[in-house]
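Here is a short briefing on one protein chain and its ligand. Look over the structure, then read the points by topic.

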Amino acid sequence: MAAPRNRSAAVEAEAGVRRQGDSGVELALSSDTAAAAPLCPHGPTLLFVKVNRGKEETRRFYACSACRDRKDCNFFQWEDEKLSGARLAAREAHNQRCQPPLSRTQCVQRYLRFIELPLSQRKFCRSCQQLLLPDDWGDHHEHQMVGDVSVTQLRRPSQLLYPLENKKTNAQYLFADRTCQFLVDLLSALGFRRVLCVGTPRLHELIRLTEPGDKKPHIKSLLLDIDFRYSQFYMEDSFCYYNMFNHHFFDGKAALEVCRAFLQEDKGEGVILVTDPPFGGLVEPLANTFKKLIAMWKEGQSQDESHKELPIFWIFPYFFESRICQFFPSFCMLDYQVDYDNHAFYKHGKKGRKQSPVRIFTNIPPNKIILPTEEGYRFCPLCQRYVSLENQHCEHCDSCTSKDGRKWNHCFLCKKCVKPSWIHCSICNHCAVPDHSCEGTKDGCFICGELDHKRSTCPNIGTSKKANKAVRKQKQRKSNKMKMETTEGRSMNHTSVTGRKKRRERAHQYLCS
Ligand SMILES: C[S@@+](CC[C@H](N)C(=O)[O-])C[C@H]1O[C@@H](n2cnc3c(N)ncnc32)[C@H](O)[C@@H]1O
Ligand SMILES: [Zn+2]
Ligand SMILES: [Zn+2]
Ligand SMILES: [Zn+2]
Ligand SMILES: [Zn+2]
Ligand SMILES: [Zn+2]
Ligand SMILES: [Zn+2]
């Protein structure tokens, strides 16, 4: 059997399964498989499962956790595949070759030498994205160099480095100043003294730039990020080269201990985890990683504090709400719209902005979080939280129901509020976009075709006759959808449900523009 060609699909799946006609891939995460996972240059790979519609048999394979495009990391191995010694050795050599040329310690030594240099000798090579020491100049003289790198520039590496916008790997969208300042002020107002920044380099640097005020203590920050370029600017105790999809510290135990000590300082008091992962990433491996960080923090707690939760801000698009809450039921979504700098649509400009779909998910009680009224938020006394101005309190739902910042309307038939553009469809018996396809809006279990569960929880997993009948049922429902999905890439990118498709398209537009 050939390897699935578009494995990015596996990693992009919001609900865990990504289909392509009659087959698909889903994550087969479990702690027992993690130990045995082979390594790619980005650490332990993740186990995915190839599923075929109506069939129980599945074939599992390992693929890279961090890169959602095989162009960036082409690791692939069937779970039951036996590799020869020669192939294993070649893989090991390849993994080594892919590691950065300098060790973390060498980076720190270079940084210490760099800051000792007089201003006129402090150069940065834009082409190589590297701080240069005088010995290096010769190798870079034909490159684009910046001179007189000031202390201010060194303290703002996210402005010196270009953002790695490749949306299938780094998706490095940097916070707009006002969002970043809002976050720093909020963290300070909430009394946090330490921030574990997972994939938030700009927040990390702004925290470190912020001088403590009269009553405000200094806030410490530790950045964990897969962008190795940042290791040129920080000492070991403020940056770890890290993969958040498999909780892998590239510099081994020493780096892990830095993170542990940071979380457990002051018996774990006063620390918060703030993360802004690439939006194309799968929720499940991220949740798995955050649970490992939570466990690390808990180890430092005394028994009588075991009920406490590690405070978390998880920044992610609003349409992942149900998925995130599945893994973290205590989380709620704030109305605050997170803005980015290097994004054509969602930066705040003179002419206003398009609505950013990115929100903050948190286990901090929302009544403790004040959103800026000057940016269009108001306090709802009934919900006891700040909401967008247009998010109106629905007396029937007894809640401010809008998720996207616009006013939603209550549908008495659906018994809930829906987006303003939706209408109630008597065929589907629920609200949907006006031009939806009534046949194409149902997307049931991959094995039995029923609508109330997914493949992984199918109660009929052992009854293949039923399964075959269900395939026909599903195929009928999907005939419309199939016609639309002709090319591989498109079918993978257009999950299935019209609503979900639109939502995905919006996300795609957001991420790719
Ligand atoms: C959407 S950006 C968030 C940046 C944030 N808005 C800021 O301005 O500080 C995603 C960040 O996660 C990092 N990242 C991407 N994939 C990662 C991975 N597998 N492990 C750790 N960090 C990753 C990127 O390098 C980038 O810094
Ligand atoms: Zn990889
Ligand atoms: Zn260079
Ligand atoms: Zn309300
Ligand atoms: Zn309502
Ligand atoms: Zn309705
Ligand atoms: Zn309909």
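Two residues are in contact if their C-beta atoms, placed from the backbone, lie within 7 Å. Of the contacts in the chain with a separation of 6 or more, 55% join residues 24 or more positions apart. The model is predicted: local features need pLDDT of at least 70, side-chain atom pairs count only at pLDDT 80 or more, and totals for chains, interfaces and linings use all residues. Residues are numbered from 1 along each chain as its sequence is written, while chains are lettered from A and ligands numbered from 1 in the order in which they are written.

**The chain overall**

- The chain has 15 helices and 26 strands. Helices (H or I, at least four residues) and strands (E, at least two) are DSSP runs, numbered from the N terminus.
- Of the 513 residues in the chain, 36% are buried. Buried means that 20 or more other C-beta atoms lie within 10 Å of the residue's own; exposed means 12 or fewer, and partly exposed is in between.

**Around ligand 1**

- The shell around ligand 1 holds 22 residues, and the closest are Leu174, Gly199, Thr200, Arg202 and Ile226. A residue is near a molecule if its C-beta atom, placed from the backbone, lies within 6 Å of it.
- Two elements give two or more residues to this shell: α9 (201-209) and β13 (239-243). Helix α9 gives the most, with 3 residues.
- By class, the shell has 13 nonpolar, 5 polar and 4 charged residues. Ala, Val, Leu, Ile, Met, Phe, Trp, Tyr, Cys and Pro count as nonpolar, Asp, Glu, Lys and Arg as charged, and the others, Gly among them, as polar.

**Helix α9 and its partner α8**

- Helix α9 is mostly covered, with 7 of its 9 residues buried. They are Pro201, Arg202, Leu203, His204, Glu205, Leu206 and Ile207.
- These buried residues pack against α7 (157-160), α8 (177-189), β11 (194-198), β12 (220-225) and β15 (271-275).
- The axes of α8 and α9 come within 10 Å and cross at roughly 55 degrees. That makes α8 oblique to α9. Angles under 35 degrees count as roughly parallel, over 145 as roughly antiparallel, 65 to 115 as roughly perpendicular and the rest as oblique.
- Axes are lines fitted to C-alpha atoms, for helices over the stretch in contact, and angles run from 0 to 180 degrees between N-to-C directions.
- Cys180, Leu183 and Val184 in α8 meet Arg202, Leu203, Leu206 and Ile207 in α9. This contact has 6 nonpolar, no polar and 1 charged residues.

**Helices α10 and α11**

- Helix α10 (residues 252-264) packs with helix α11 (residues 283-299) at an angle of about 60 degrees, their axes 8 Å apart. That makes α10 oblique to α11.
- Cys259, Arg260, Leu263 and Gln264 in α10 meet Leu293, Met296, Trp297 and Glu299 in α11. By class, the contact has 5 nonpolar, 1 polar and 2 charged residues.

**Two positive phi values**

- Most residues other than glycine have a negative phi.
- Gln129 is not a glycine, yet its phi is positive, about 55 degrees. Gln129 lies in the loop between β8 (123-125) and β9 (130-132). It counts as partly exposed because it has 16 C-beta neighbours inside 10 Å.
- His247 also has a positive phi, near 55 degrees. His247 sits in the loop between β13 and β14 (248-249). With 23 C-beta neighbours inside 10 Å, His247 counts as buried.
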